[in-house]
Amino acid sequence: MSTAASTVELPGANLDVSRMPGHWLLARLGKRVLRPGGLELTRAMLSRLAVSSGDRVVELAPGLGTTLRLVLAMNPASYTGVERDEVAVRATRRFLRQGRDECRQGVASKTGLDGASADVIFGEAMLTMNTAEQKATIIGEAFRVLKDGGRYGIHELGLLPDDLPEADKAEIQEALSRSIHIGARPLTVSEWRQALEAGGFEVISTQTAPMHLLQLGRLLQDEGVLGVLRITFNVLRSPAARRRVLEMRSVFRKYESKMCGVIVVARKRAAS
Ligand SMILES: C[S@@+](CC[C@H](N)C(=O)[O-])C[C@H]1O[C@@H](n2cnc3c(N)ncnc32)[C@H](O)[C@@H]1O
């Protein structure tokens, strides 16, 4: 499928629309904000991370570089992205400041970065798609790479309420994974907090927003009128993509009251 949004190379170009991961399908349709709480929660996370000009910032899984552009506007000392997908890595590189920033292909669990070399680390819509064991390893890696007192922010898919029965969690996980064609393992808000605390962090704040990734109001907020027109045009001209989007939207709608976007911002405790 070629789209009007394909002026840059996009991940998943060689994959069948009916089977490609939901986030890359949405990207091919022109969507640029691929995280559950939208730009509103991204901005809240960045503001709580209080990035300033002396900070060395690391982003785990920058995807197509939407947050990277927002964070570069905060003028950090340096920016390093670590992203698994090589096409996404190339897509982000055009935004970087020469000599100060880099985006490397790699995994968040083993970044290859020096210990205590970052002041701020964040990642969005990435831990959710990793297993419990991988989540713990990635959080451990963030802990290792941050200096003492460094700030860590995540923006992920949450489940509501905190005492949601295990059977409901399993049902949502299965329905989501089936529709987005990639394992989705969201946690309740208190489980996300606990995951960071178990990794040695002190949680400073959390905030949630409705999971409205494919609802018109959020689409307008995140993508603007032109963006929504472009996405609509692309959806209309590809029946296979339209089927996938409608399927994803119906799963998001069905479980809307039990899902949310969530940010958790934490600080690395100094070793005692
Ligand atoms: C849903 S997209 C979100 C991209 C971006 N953070 C955003 O919010 O727009 C998930 C991204 O995580 C990346 N990813 C998933 N697991 C990863 C891992 N273990 N290490 C590095 N990148 C990973 C994928 O390649 C993809 O770019």
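In the predicted model, the ligand is surrounded by 18 residues, a residue being counted as near when one of its heavy atoms lies within 4 Å, and the closest are Arg35, Ala61, Glu83, Ala108 and Glu124. This is a predicted model, in which local features need pLDDT of at least 70 and side-chain atom pairs count only at pLDDT 80 or more, whereas totals for chains, interfaces and linings use all residues. Residues are numbered from 1 along each chain as its sequence is written, and side-chain values use heavy atoms, with hydrogens and water left out.

The shell around the ligand comprises nine nonpolar, four polar and five charged residues, where Ala, Val, Leu, Ile, Met, Phe, Trp, Tyr, Cys and Pro count as nonpolar, Asp, Glu, Lys and Arg as charged, and the others, Gly among them, as polar. Polar contacts (pairs of N or O atoms within 3.5 Å) include one between a polar side-chain atom of Glu83 and an oxygen atom of the ligand, at 2.5 Å. A backbone N or O atom of Ala108 lies 2.9 Å from a nitrogen atom of the ligand, and a side-chain N or O atom of Asn130 is 3.4 Å from a ligand nitrogen atom. Taken alone, the ligand exposes 590 Å², of which the protein buries 97% (Shrake-Rupley method, 1.4 Å probe).

Elsewhere, two aromatic pairs are counted, the criterion being ring centres of Phe, Tyr or Trp (its six-membered ring) within 6.5 Å, with planes under 30 degrees apart taken as stacked, over 60 as edge-to-face and the rest as tilted. Phe143 and Phe201 form an edge-to-face pair, with 5.5 Å between centres and 85° between the planes. Because Phe143 belongs to helix 5 (residues 132-145) and Phe201 to strand 7 (residues 201-210), this pair ties together parts that are 58 residues apart in sequence; helices (H or I, at least four residues) and strands (E, at least two) are DSSP runs numbered from the N terminus.

Conventions
A polar contact is a pair of N or O atoms within 3.5 Å; within protein, one must be able to donate a hydrogen and the other to accept it, and residues adjacent in sequence count only if both atoms are side-chain atoms.
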